[in-house]
Amino acid sequence: MATIALVDDDENIITSVSIFLEGEGYNVRVYNDGASALAALSESPADLGIFDVKMPRMDGMELLRRLRQTSNMPVIFLTSKDDEFDEALGLNLGADDYITKPFSQRLLGERVKAVLRRARPEPATPGEPEPGDRKPIMRGRLLLDPNRHACSWDGEPVRLTVTEFLILQALATRPGYVKSRDALMDAAYDDQVYVDDRTIDSHIKRIRKKFRETDREFDAIETLYGVGYRYKES
């Protein structure tokens with residue numbers, strides 16, 4: 001049973017979403033502000049976080065920024081139509097998806113399943129060989145382990161979110177081949193989730209930044225302007 005951390009200061013949202021998610025079989029932990037959520041999640045992470053963007057004592061953006069220092073827990077943002085929500089900023093902080101209020105419970109359920117499915121791939125049946133795309137991927141100094149969503153560069157771990165990992169995996173699977181933004185969207189997102197080109201660009205920028213914290217000379221992801229991206233094996 002997956003555990004979901006729901007963080008929102010709106011009691012109506014807390015009540016309705018909690019009842020719905022528990023009815024879908026999830027264990028729900030509720031927090032009314034970002035500060036209390038940060039304290040609890042730093043001690044005991046959930047499988048998925050659903051954060052309201054605007055909250056007292058610490059908004060959703062700041063909560064995610066602080067959590068990303070120690071955790072790659074997948075996060076979905078909730079934002080109101082009237083909010084000036086910066087999608088690129090949210091994704092740069094490491095969010096995996098966002099939903100605009102008001103939203104249907106069916107839509108929320110689909111997004112939750114999609115993010116959890118990407119974060120926790122189905123294990124292979126005991127006794128059967130691993131599917132080809134589940135085997136570790138070694139590309140020069142890069143090592144990706146899809147079974148654990150683990151990544152390292154020169155033996156040093158690089159902490160990637162679910163979406164970042166899937167984008168990098170799509171590029172590294174066929175080094176030298178150009179992947180369009182649409183192809184990377186298909187690799188990283190569920191069919192029912194729409195994202196634009198800026199979203200993929202934001203994720204690529206964040207991936208590069210994380211690798212350059214380990215290796216300042218990292219340049220394995222090349223941009224082909226107007227076409228897409230490719231992985232250059234060193």
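Rings of Phe, Tyr and Trp (its six-membered ring) pair if their centres lie within 6.5 Å, with planes under 30 degrees apart counted as stacked, over 60 as edge-to-face and the rest as tilted. Ring pairs of this kind link Trp153, Phe211 and Phe218 into a cluster. The structure is a predicted model, in which local features need pLDDT of at least 70 and side-chain atom pairs count only at pLDDT 80 or more, while totals for chains, interfaces and linings use all residues. Residues are numbered from 1 along each chain as its sequence is written, and side-chain values use heavy atoms, with hydrogens and water left out.

**Aromatic cluster**

A search of the whole structure finds three aromatic pairs. One of them is formed by Trp153 and Phe218, whose ring centres are 5.0 Å apart with planes at 80°, so this pair is edge-to-face. The pair links distant parts of the chain, since Trp153 lies in strand 8 and Phe218 in the loop between helix 8 and strand 10 (221-224), 65 residues apart. Phe218 also forms an aromatic pair with Phe211, and this pair is stacked, at 4.6 Å centre to centre and 15° between the planes.

Burial is judged by relative accessible area: buried means under 20%, exposed over 50% and partly exposed in between (1.4 Å probe, protein chains only). Trp153 is buried at 2%, Phe218 is buried at 3%, and Phe211 is buried at 0%.

Helices (H or I, at least four residues) and strands (E, at least two) are DSSP runs, numbered from the N terminus. Two strands pair if DSSP finds at least two bridges between them. Strands of a sheet pair through backbone hydrogen bonds, either parallel or antiparallel.

An open sheet of four strands has the order 6-7-8-9, with antiparallel pairing. Strand 6 (137-139) and strand 9 stand at the edges, each with a single partner strand, so one side of each is left without a neighbour in the sheet. Three bridges join strand 6 to strand 7, four join strand 7 (residues 142-145) to strand 8 (residues 150-153), and two join strand 8 to strand 9 (residues 156-157).

| Hairpin | Residues between the strands | Residue with positive phi |
|---|---|---|
| Strand 6 and strand 7 | two residues | Gly140, near 65° |
| Strand 7 and strand 8 | four residues | His149, near 50° |
| Strand 8 and strand 9 | two residues | Asp154, near 55° |

Individual bridge partners can be followed across the sheet. Ile137 has Leu144 in strand 7 as its bridge partner, and Arg139 stands opposite Leu142 in strand 7. Leu142 in turn has Trp153 in strand 8 as its bridge partner, and Trp153 belongs to the ring cluster with Phe211 and Phe218. Leu143 stands opposite Ser152 in strand 8, while Ser152 stands opposite Pro157 in strand 9.

**The second largest pocket**

On a 1 Å grid over the protein atoms alone, a pocket is an open set of points where a 1.4 Å probe fits, with protein on both sides within 12 Å along at least five of seven lines; lining residues have an atom within 4 Å of a point. Grid points are joined across faces, edges and corners, and a volume is the space filled by probe spheres set on the points.

The second largest pocket holds about 330 Å³ of space. It is lined by 13 residues, of which Arg68, Arg159, Arg206, Lys210 and Glu213 are the closest to its centre. Helix 8 (residues 197-214) gives the most to this lining, with five residues. By class, the lining has three nonpolar residues (Ala, Val, Leu, Ile, Met, Phe, Trp, Tyr, Cys and Pro count as such), seven charged (Asp, Glu, Lys and Arg) and three polar (the others, Gly among them).

Helix 5 (residues 105-119) has 15 residues and reaches 21 Å from its first C-alpha to its last, close to the 21 Å expected at 1.5 Å a residue. The expected span is 1.5 Å times one less than the number of residues. Buried residues of helix 5 include Leu108, Val112, Val115 and Leu116, and also Arg111 and Arg118.

Ser16 is in helix 1 (residues 11-23) and is partly exposed, at 29% relative accessibility. Ser16 and Gln105 are 89 residues apart in sequence and 8.8 Å apart in space, C-alpha to C-alpha.
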